[in-house]
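Subject: Structure for your files, with notes

Dear colleague,

I am passing on the structure we talked about, and I would be glad if you could read the notes below with it open beside you.

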Amino acid sequence: MSAADRIARALFGFYMAAFFVYLFAPLAIMGIATFNTSRFPTVTPWQGTTLKWFQELSTDTGMWQSLWTSVVVAFCVVVVALPIGTAAALVLTSLHSRARSFLYAVMVSPLLTPGVVIGIATLVLWRQLGIGGGVMLIVIAQASFIICYVMLMVTARLQRFDPTQEEAALGLGASKFMVFRRVLLPFLKPALIAAGFLAVLQSIENYNTTLFVRGFDTPLTVYIATKVRTGLTPAVNALALIMIVITIAGAVAYEFARRRQAARLGAG
Amino acid sequence: MSHSVELHQVGVTFGATRAVDDVSFNVEGGEFFSILGPSGCGKTTLLRVIAGFLHPTEGRILIGGKDMAALGPNQRPTAMIFQSLALFPLMPVWENIAFGLEARGVAKAERRRKADELLRLIALEGFGDRMPGELSGGQRQRVAIARALAVEPQVLLLDEPLSALDLKLRQHMRAELRSLQKRTGVTFIYITHDQSEALAMSDRVAVMSAGVVQQVGAPRELYDNPATPFVAGFVGETNAIPCTVKRIEAGIATVDSPHGTLTARAGSALAAGKAKLYVRPEALKPGNAAENALSATIERIDFEGAFALAHGATDDGKRLIASIASTDLAAAPAIGARARFGFDRANAVVLPDG
Amino acid sequence: MAELYRRFGGGLGTLFLALVGAWLAGMVLAPNVMMIDYALRPNLPPSQIGGPSDVYSLDNILYLANEGVHRAIFFKTVWASALVALVTFLVCYPLAFWLAQHATPNQAAVVLLGLTIPFWINEVLRTLAWYILLAFRGPLNAFLLSLGIIDEPVRWYGDGGVLAGMAYAYILFMLFPIYNSIESLDKSQIEAARDLGASTWRIHWRVVIPHAKAGIATGCVFTFMLAAGSYVAPALLGAPGSRWFTEIIYNWFFEGGDWNRGAAYALVLLVLCLAVVLVTLRLARVSLTEVAK
């Protein structure tokens, strides 16, 4: 190995280390700060170890209320986005060349629109119709772009669908509705589950769009952002820590499941 | 007796392409009918028209005497077995088989009973709860057949269903399909590009080329009496000898050829002029005896088991193939030697060029 | 359409079309048309709406052009967003290359999973993490002071803080498109280039980057758009001197009470983002259909 190679390797190793420090250090510090007695969440100086912020979190009714709002919104977004996204994918794949490219461009345009613009546009339209901000507008505004993700995921799955299965079912006397329900939908199920999962995450994490259409309702992200400005305490860190732990547990479980499946497929 | 299928001047055009052109034939009820042709000849298009997946550009299709024009694929008394089989991968085997019954609103317990019955018929008893992905190729094949038979169709349409199987299994499945057809009495319309498959299984065969039906007939008839040069060349091996027709008398044509004057049966629509004489390899006998004889220089002899194929070149540079029974190999001409092969005029036919 | 009805029949086909129509017309097109309508009308008290002074004009947009502070903030948002895209690209490219070309399948799976962890918790909490890290008396200053790199605490909140927080927030949007496009590059191409004596730098410049062009363009476009349209990072990590264009828009809506002017500003932001998207994709010769993960 030449000296230049060794230097390149060392540089790359340093880069990798720096990258992961960059990635995880902020989260680690945020998590650790939960256990510091300091009123402002920090790790420097360490004023003493405590669990009191978890207790404060558990009694923070505003936080629980906002979490509930977010859950309701996410549920409604899934209910709206899954059928529309699926319908969009089916309409798209039944078109050909030019019309298809055009419709595709229209359908992905919300992804290329800044979140604040989506929120503002939704807000002004519905004010004109006499409806102000609130859970309903949050759902509509979020769904308008989350549908794109559903559409993309369902389209990707549809590309692997063997259309002779539909013909086979029709040839056996099935109605078109039965073909859809018994053949196509079961095939799309994995993509729909994944899309539903993504829709929930996107909905709960959204801030930029939600901010403009929330009216007097306060979803979790808005609540946290408000707390940061008006009296941040490590109770918010406790919440973040819980979410991080759940995420890591989920990620580890997913990776184990993936490896087990890979091993099974490899053996079989 | 199952339904007959009648095609009246059926044509299919895709944009500028004429996929099926003026096709008419009748399939008798209970018949095993094959449509034979090279890939791209329009045979799959024709089958899809009969199944109702495609609307013909013109023409009529009658099944059991009833016009099918207004009926979708799910309303016709047909069932189709696809080349890819198209089993539903996410349903267990028994649900696959009972799918058509589910579509007809049959209760679950009854569906299960019927599926088990069909599983016995295809010798896959106890496989009902497996998934299609867990079966072997031959087993999946049989499930596809059972699934189609479950709806008790009048006409079963098969789109090269054996093409994905290996040779041994294919031969086994041929026999199985044939006996299944005899037992059930269902009309089979079978698509294939494999002429030995068509000849071995069918009551009658339609030979298709470039969207046109060239000839419809029993396997023997196609083989012995090809109506067109395409059929002569596509069904079985043959030698084509360029010639000029001198005269036709009582169904026998006398022609001039590089091998001298030859006589053979005259094909329909044959007139004086350029033509080709077709003679099968097995009709050629080494020796000089007969009035008809072809000469060639032997290049090689391929031993095939029951017989051997002698490959030669004629003086005008054409290939010549003669089949020699293994028991006669001792008397076969030597490689490199000039040999003469005689044939009986009844075993050769002259068809016009074109 | 005929194909749709042929496959699904009248009932389902009509239902699908109705759903898609409700989405595209009701949730995408109509709101944007209404926003444009707002942007082109003056802000009037309710009694004058529909009256003689309620006419279309470009006044709201011209206001932005003539108001020096807002104009400066707009241009700063543009170039700062471009800078965010560039920094994110530089941070992500080596890792994407390693993942796509050198990592074993298990390594790649673990790293990709690790990368997604910060993105499963929400953008506000990600930004909060940086808010804590960068605080004046926070861990970063304490760490640097203890190493003696700085002599007194640095005020990180402001442009630097916003840049760091945004680059962090959008890593995934940059990394995945680049990773996907480099992954399709045949390893033997790199080996061939190396065999022909090309330096590492030249291999990347002449072989890898041209191949990954579509992914890089996609990543940059998304990052730019997200940065320009972000509200939370500048709101938390910014300083009074580092205002972001979205904050001005927010103020027109919820503090200035002039929705028309706010809509006009939002329209300018939308046009800017679409222009950047289309021009970048055109320059990189990437079609819009490739911009999807």
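This is a predicted model: local features need pLDDT of at least 70, side-chain atom pairs count only at pLDDT 80 or more; totals for chains, interfaces and linings use all residues.

I begin with the contact between the chains, to which chain A gives 16 residues and chain B gives 18 residues. On the side of chain A that touches chain B, the elements that supply two or more residues are helix H7 (164–171) and helix H8 (176–205), and the largest share, seven residues, comes from H7(A). Sorted by class, this side of chain A holds nine nonpolar, five polar and two charged residues.

For chain A, the unreviewed UniProt entry lists the feature "transmembrane region" at several spans, among them 183–204 and 235–254. In the model, residues 183–204 of chain A are 100% helix, with end C-alpha atoms 32 Å apart, and residues 235–254 of chain A are likewise 100% helix, with end C-alpha atoms 29 Å apart.

For chain B, an unreviewed UniProt entry gives "domain: ABC transporter" at residues 5–235; over those residues the chain is 36% helix and 26% strand, and the end C-alpha atoms lie 24 Å apart.

Chain B also contains an open, antiparallel sheet of five strands in the order S15-S19-S16-S17-S18, whose edge strands are S15 (285–286) and S18 (319–325), each pairing on one side only. Within this sheet, strand S16 (residues 292–303) and strand S19 (residues 338–343) of chain B are joined by six bridges, and B:Ala296 has B:Ala339 as its bridge partner in S19(B).

With best wishes

Technical notes: Residues are numbered from 1 along each chain as its sequence is written. Chains are lettered from A and ligands numbered from 1 in the order in which they are written. Two strands pair if DSSP finds at least two bridges between them. Helices (H or I, at least four residues) and strands (E, at least two) are DSSP runs, numbered from the N terminus. UniProt positions are given in the numbering used here, feature names are shortened, and annotations may be inferred rather than shown by experiment. Two residues are in contact if their C-beta atoms, placed from the backbone, lie within 7 Å. Ala, Val, Leu, Ile, Met, Phe, Trp, Tyr, Cys and Pro count as nonpolar, Asp, Glu, Lys and Arg as charged, and the others, Gly among them, as polar.
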